Every structure is written in C-alpha cells, then in structure tokens.
Amino acid sequence: MPLTFRKSFRIFPGVRLNINRRSWSITLGGRSGPRHTISSTGRRTTSMDLPGPFGFRKTTTRRNRED
C-alpha cells in the first residue's frame with residue numbers, strides 16, 4: 001500500500017493552502033459559490049456545486065510548457 005501525504009491549512013476565511021507530496025496549491029472561495037484553485041504545477045481549476053439536478057461542475061486549464 002503506497003503512502004500518501006496531503007495537508008490543508010486555512011490561511012484566512014475563504015483562502016486555503018493545500019500541500020501534497022508533489023505540489024502545493026491555493027484555493028480561493030468557500031463552500032457555497034465558485035472556488036478557484038491555482039496549483040504550483042500550472043493547473044487552474046474553477047469549480048462550483050450547483051443546486052438541484054445540475055450537480056457539481058468543474059473547469060480545468062493547464063499551463064502550456066514550452067521546451
């Protein structure tokens with residue numbers, strides 16, 4: 001069984017620092033309304049829990065790596 005590491009710290013109300021084994025990220029937003037996450041790997045995610053049968057929606061974009 002592999003070992004995993006994930007830790008989340010609340011910096012301010014609505015701002016959270018997430019750390020795992022490979023990267024870190026900052027999440028802006030709370031439980032209700034949209035949440036924006038910016039990762040050290042370049043991934044940017046916007047997510048929102050919609051009411052009723054619409055459920056959870058998420059949009060992810062990645063940074064283009066130029067060699």
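Leaving aside neighbours within four places in sequence, serine 23 is in contact with Asn18, Ser39, Ser40 and Thr41. Serine 23 belongs to the loop that lies between strand 2 and strand 3. With a relative accessible area of 16%, serine 23 counts as buried, because buried means under 20%. The model described here is predicted.

- Six strands form an open sheet in the order 1-2-3-4-5-6, and their pairing is antiparallel.
- Strand 1 (6-12) and strand 6 are the edge strands, and each of them pairs on one side only.
- On average, neighbouring strands of this sheet are turned by 20° against each other, with direction ignored.

**Strands 1 and 2**

- Six bridges link strand 1 to strand 2, and the two strands pair in the antiparallel sense.
- Arginine 10 has arginine 16 in strand 2 standing opposite.

- Strand 4 pairs with strand 5 in the antiparallel sense, over four bridges.
- Opposite histidine 36 stands threonine 46, a residue of strand 5.
- Strand 5 and strand 6 also run antiparallel, and six bridges join them.
- Opposite serine 47 stands lysine 58, a residue of strand 6.

**Threonine 45**

- Threonine 45 is part of strand 5.
- The relative accessible area of threonine 45 is 13%, so the residue counts as buried, the limit being under 20%.
- Beyond its neighbours within four places in sequence, threonine 45 is in contact with Arg35, His36, Thr37, Lys58, Thr59 and Thr60.

**Threonine 59**

- Threonine 59 is part of strand 6.
- Neighbours within four places in sequence aside, threonine 59 is in contact with Arg44, Thr45 and Thr46.
- Threonine 59 and histidine 36 are 23 residues apart along the chain, and 9.7 Å separates their C-alpha atoms.

**The largest pocket**

- The volume of the largest pocket is about 480 Å³.
- The elements giving two or more residues to the lining of this pocket are strand 2 (15-20), strand 3 (24-28), strand 4 (35-39), strand 5 (44-49) and strand 6 (56-61).
- Strand 2 gives the largest share of the lining, with four residues.
- In total, 20 residues line the largest pocket, and those nearest its centre are Arg6, Asn18, Ser25, Thr27 and Thr37.
- Sorted by class, the lining of the largest pocket holds eleven polar, six charged and three nonpolar residues.

Key
Residues numbered from 1 in each chain as written. Predicted model: local features only at pLDDT ≥ 70, side-chain atom pairs only at ≥ 80, totals over all residues. Heavy atoms only, no water. 1 Å grid on protein atoms, 1.4 Å probe; cavity = no way out; pocket = protein on both sides within 12 Å on 5 of 7 lines; lining within 4 Å. Points joined across faces, edges and corners; volume = space filled by probe spheres on them. Nonpolar A, V, L, I, M, F, W, Y, C, P; charged D, E, K, R; others polar. Buried < 20%, exposed > 50% of the residue type's maximum accessible area, 1.4 Å probe, protein only. Contact = heavy atoms within 4.5 Å. Pairing = 2+ DSSP bridges. Axes fitted to C-alpha atoms, helices over the stretch in contact; angles between N-to-C directions.
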